[in-house]
Amino acid sequence: MRYVPNKKQVRERLTSVKAWELPKQKSALAPPHVWTNKDMDPVKIEDQTWTLWTWMAYWATDTINLGTWETASSILAVGLSWREAIPIIVVGTSSVAIPMVLNGAIGAKLHIPFSVAIRASFGYYFAYFAIVSRSILAMFWLGIQGANGAQCITIMLTAIWPSYGKIPNHIPTNQGITTQGMISYFLFWIIQLPLLLIPPTRLRYLFATKLIAAPITALATMGWCVHKAGGSGKIFSLQPTVSGSTKAYLWLSCMSSVTGSWSTLACNIPDFSRYAKTSRGQYIQLPILPAVFTACAVIGIVTTSATGVIYNELLWNPLDIISKWLEMGHGGRAAAFFAATSWYIAQVGTNITANSISAANDLTVLFPRFVNIKRGCVIAAIVGGWVIVPWKILSSAQTFLAFMGGYAVFLAPIAGILASDYWLVKKQHIDVPGLYDPDGRYHYWNGVNWRALLALIVAVSPNLPGLGYSIAQPADTTQPNPVHISNGAKNLYTFDWLFGFVTSIFVYTVLSYLVPHKESLVQHTVYGNEIVDEGVPSDVESTGVRTGEKGYGEADEKKVMAEL
């Protein structure tokens with residue numbers, strides 16, 4: 001039975017902040033003086049529901065969206081051809097799949113979220129820097145994706161009621177949105193809100209829906225365009241317009257754009273892998289991410305090339321193609337409605353997996369006394385959807401978009417430090433209860449691991465001039481950039497994500513070996529076994545006795561029990 005507050009509780013919540021406090025969970029691993037809640041704790045056995053097929057569906061659905069479709073456009077637009085675009089996409093997604101698997105293993109084995117796992121390497125208090133950085137970015141993109149997805153609502157309503165497309169505008173032009181656009185955006189947001197509250201353990205049902213709708217729509221759109229054009233167009237015969245070192249740095253820059261788009265998930269993948277049934281299933285990410293992303297990009301290239309023949313202009317956004325169908329009578333409007341509905345599901349699905357849950361997990365750690373995952377999703381939806389005014393950002397704030405796009409400069413080292421600490425320094429052995437104790441073994445120096453701080457500075461600093469140059473770039477490309485940096489700094493920024501990831505791993509590992517923090521090193525993993533549900537430990541992988549799964553576990557049961 002669902003909890004519904006009574007009149008007295010509603011009145012208290014409207015007049016007192018204390019009334020919003022969550023009850024302190026009995027199963028929490030933190031010391032009595034530290035507030036926490038169950039959404040921060042290791043996932044219980046009954047909630048570990050993600051299988052190999054869930055992972056495959058997750059990436060098959062998460063990568064099939066409007067952004068992936070248009071990725072190839074940014075590569076071809078700078079002067080490269082499809083012959084460069086495909087390898088760029090394969091290499092870029094493969095590069096980001098590596099930290100995805102390395103960091104995903106933390107959640108799959110220990111069943112803890114990113115915001116808790118990061119304390120092992122950054123220190124209890126310095127971890128808040130990584131958590132805040134990731135949560136801001138997640139809420140920002142939650143709003144931006146919603147503003148883009150509102151176009152789906154516009155097409156759907158126009159397909160049903162053509163007069164919707166003729167709604168007069170009563171909003172000033174400097175606001176960056178029209179009356180019709182605001183109605184569509186509000187409808188997108190309000191319909192999306194209850195979907196954001198789907199528990200992570202039940203997301204597989206959303207994955208299944210999106211897995212059916214989005215690929216069928218993408219293939220049908222490509223098939224219609226190719227049939228209408230009598231072929232795939234001339235795009236496959238085009239040659240690159242650049243050469244030499246310019247071509248090489250453009251190649252690296254485009255690869256960084258691909259990796260940067262997934263830089264958030266490369267950090268917070270433990271937020272999802274914590275729900276895995278086994279620690280092995282998440283390794284499927286390594287081949288599935290490049291395969292699906294490349295397939296979707298190729299569909300986008302072929303379809304766009306065909307639109308050049310049909311409309312005498314290249315339409316990179318599939319929604320622009322669908323909009324053309326609204327002019328093709330009742331059949332065209334019906335096709336436009338169902339296609340736009342599929343893309344709406346795709347956008348909402350991506351928003352949930354890539355942005356909403358990520359921000360919610362961070363907020364539970366930042367404000368554990370008041371926020372759980374459900375409340376975090378609502379807060380993220382309000383902040384990302386309305387507070388940051390995403391439609392105005394899209395229409396005017398080019399410098400802000402450039403900054404957020406370059407945020408991979410900070411996220412790449414975070415992903416690198418997290419992975420190298422777990423695999424190279426800690427040797428996969430973490431004291432899980434210690435992660436919840438501010439005065440425990442991961443306190444380091446005043447809550448800060450100076451090795452991670454120094455590695456972050458070394459990895460980020462060389463790319464700051466390039467980031468500044470990118471932010472200062474005028475919207476009018478004919479105007480000179482007021483920021484002047486060397487060509488070397490410009491070239492380095494073209495592969496900022498790769499540089500930050502590799503450099504942080506090297507610096508952090510070397511410092512940790514030269515000046516080790518011995519107290520944070522344990523010989524064997526200490527799991528969150530203090531959390532008990534009817535006598536069953538929350539993480540039975542440590543004992544190797546998961547029911548019904550032969551050979552599951554990392555250690556012999558008797559050995560572990562003896563050590564405990």
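Analyst: This is a predicted model. Helix H7 covers residues 127-160, 34 residues in total. From first C-alpha to last, H7 reaches 50 Å, close to the 50 Å expected at 1.5 Å a residue. At Asn148, H7 bends by about 25 degrees.

User: Why is H7 called largely enclosed by the rest of the structure?

Analyst: Of its 34 residues, 25 are buried, so H7 is largely enclosed.

User: How many aromatic pairs does a search of the whole structure find?

Analyst: The search finds 24.

User: What makes the pair of Tyr124 and Tyr125 edge-to-face?

Analyst: The ring centres of Tyr124 and Tyr125 are 5.2 Å apart, and a pair requires centres within 6.5 Å. Their planes stand at 80 degrees; over 60 counts as edge-to-face, so the label applies.

User: Are Tyr124 and Tyr125 buried or exposed?

Analyst: Buried means under 20% relative accessible area, and Tyr124 has 6%, so Tyr124 is buried. Tyr125 has 41%, which lies between that limit and the 50% above which a residue is exposed, so Tyr125 is partly exposed.

User: What places Lys324 over the face of Tyr311?

Analyst: Lys324 lies 5.2 Å from the ring centre of Tyr311, and the distance limit is 6 Å.

Definitions and conventions. Residues are numbered from 1 along each chain as its sequence is written. This is a predicted model: local features need pLDDT of at least 70, side-chain atom pairs count only at pLDDT 80 or more; totals for chains, interfaces and linings use all residues. Side-chain values use heavy atoms; hydrogens and water are left out. Helices (H or I, at least four residues) and strands (E, at least two) are DSSP runs, numbered from the N terminus. The expected span of a helix is 1.5 Å times one less than its number of residues. The bend at a residue is the angle between axes fitted to the seven residues ending there and the seven starting there. Buried means under 20% relative accessible area, exposed over 50%, partly exposed in between (1.4 Å probe, protein chains only). Rings of Phe, Tyr and Trp (its six-membered ring) pair if their centres lie within 6.5 Å; planes under 30 degrees apart count as stacked, over 60 as edge-to-face and the rest as tilted. A charge sits over a ring if NZ of Lys or CZ of Arg is within 6 Å of the ring centre and within 35 degrees of the ring normal.
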